[in-house]
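Subject: Structure handover

Hello,

Here is the structure I promised to pass on. Please open it beside this message, and then read the notes below.

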Amino acid sequence: MARLTKETLKKILTDKIALSNPEFRLQKEKAGIRWTGNVISATFKGKRDHQRQDMIWDALIDEFGEDATRLVGLVLAYTPDEWNLGAESNHAKAKKAA
Amino acid sequence: MAKMGENDYRIGAKERMEEAYILLRQSRFGGAIYITGRATEGILRAVIWKSDPEYRTGRKSLETGHDLRRLLDVVGRLGIMAPNRLKDQIAGDVQHVARLWFNDMRFLPESRIRREWLALREISGKRPLKLATGEYYDACSAILKKCEVLWPG
């Protein structure tokens, strides 16, 4: 089974989905084998969540075949607007704590 | 079994969601529907455990069972989502999922789940199970994503 670096995964998803200005928040699972996390891009705007997962997994399966699910776990796909709601939440918490 | 914590619920919910998508992609709708609902329960429990230390320490226990609407009520009372209306935003999706999911689905064949959804008028001749399951998955995913942003990083 191929090893997969974070940079390679970012490049595969960016190129194969043709992501516009993507931002990645990826980390290895505790067991240290699979990458999971979030990808934020305006390219996902207007797409339903299962369609976004189709885009991600079509890209990964095209690249890795059956190994895809052994190399990558759940990657949630956000638009910048959706992601910023979380930023507001974290900002509010930080303000409250200060 | 060891006591469950915030991380167990959160990571478990994400793993269930990932597995649900694999089943959905293969048109295994019975399993996808059951597991997606379980992921929703898991992430709501993770939010509660994260937000109220009394659950973490065992001083409080959840009296909600597996009722997603009651879990949402607990989340609402915690106030964690108040600042940015996130609680209001997940409420509609939780209602969508809670109407269609129940704990005993874990025992049921897809044909029985199909009959239940037919009785609820969630599916019909013009609205196939594939379409309804896709929308149900989207609602669960929206809940997971909106809760997930509470964990920065």
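**Notes on the sheet, a loop and a helix pair**

Phe24(A) stands opposite Val39(A), which belongs to strand 2 of chain A. This is a predicted model, in which local features need pLDDT of at least 70, side-chain atom pairs count only at pLDDT 80 or more, and totals for chains, interfaces and linings use all residues. Residues are numbered from 1 along each chain as its sequence is written, while chains are lettered from A and ligands numbered from 1 in the order in which they are written.

**Chain A overall**

Chain A has 4 helices and 3 strands. Both are DSSP runs, numbered from the N terminus: helices are H or I with at least four residues, strands are E with at least two. From the N terminus the order is α-β-β-α-α-β-α. Of the 98 residues of chain A, 27% count as buried. Buried means 20 or more other C-beta atoms within 10 Å of the residue's own; exposed means 12 or fewer, and partly exposed lies in between, with C-beta atoms placed from the backbone. Take the contacts in chain A between residues at least 6 apart in sequence: 60% join residues at least 24 apart. A contact here means that two C-beta atoms, placed from the backbone, lie within 7 Å.

**The sheet**

The 3 strands form an open sheet in chain A, with order 1-2-3 and mixed pairing. Its edge strands are strand 1 (23–28) and strand 3 (72–78) of chain A, and each pairs on one side only. The twist averages 10 degrees from one strand to the next. Strands count as paired if DSSP finds at least two bridges between them.

Strand 1 and strand 2 (residues 35–40) of chain A are antiparallel, over 6 bridges. They form a hairpin with 6 residues between them. In its turn, Gly32(A) has a positive phi of about 80 degrees. Lys28(A) stands opposite Trp35(A) in this pair of strands.

Strand 2 and strand 3 of chain A pair in the parallel sense, over 5 bridges. There, Gly37(A) stands opposite Val75(A). Strand 2 of chain A is mostly covered, with 5 of its 6 residues buried.

**One loop residue**

Asn21(A) sits in the loop between helix 1 (6–17) and strand 1 of chain A. Is Asn21(A) buried or exposed? Asn21(A) counts as exposed, because it has 10 C-beta neighbours inside 10 Å. Asn21(A) touches Ser41(A) and Ala42(A), leaving aside residues up to four places away in sequence. Lys45(A) is 24 residues from Asn21(A) in sequence and 13 Å away in space, C-alpha to C-alpha.

**A helix pair in chain B**

Helix 1 (residues 6–25) and helix 7 (residues 129–148) of chain B pack at an angle of about 160 degrees, with axes 11 Å apart. So helix 1 of chain B is roughly antiparallel to helix 7 of chain B, a label for angles over 145 degrees. Axes are lines fitted to C-alpha atoms, for helices over the stretch in contact, and angles run from 0 to 180 degrees between N-to-C directions.

Which residues meet in this pair? Ala13(B), Met17(B), Ala20(B) and Leu24(B) in helix 1 meet Thr133(B), Tyr137(B), Ser141(B) and Leu144(B) in helix 7.

Best wishes

Key
Parallel < 35°, antiparallel > 145°, perpendicular 65-115°, else oblique.
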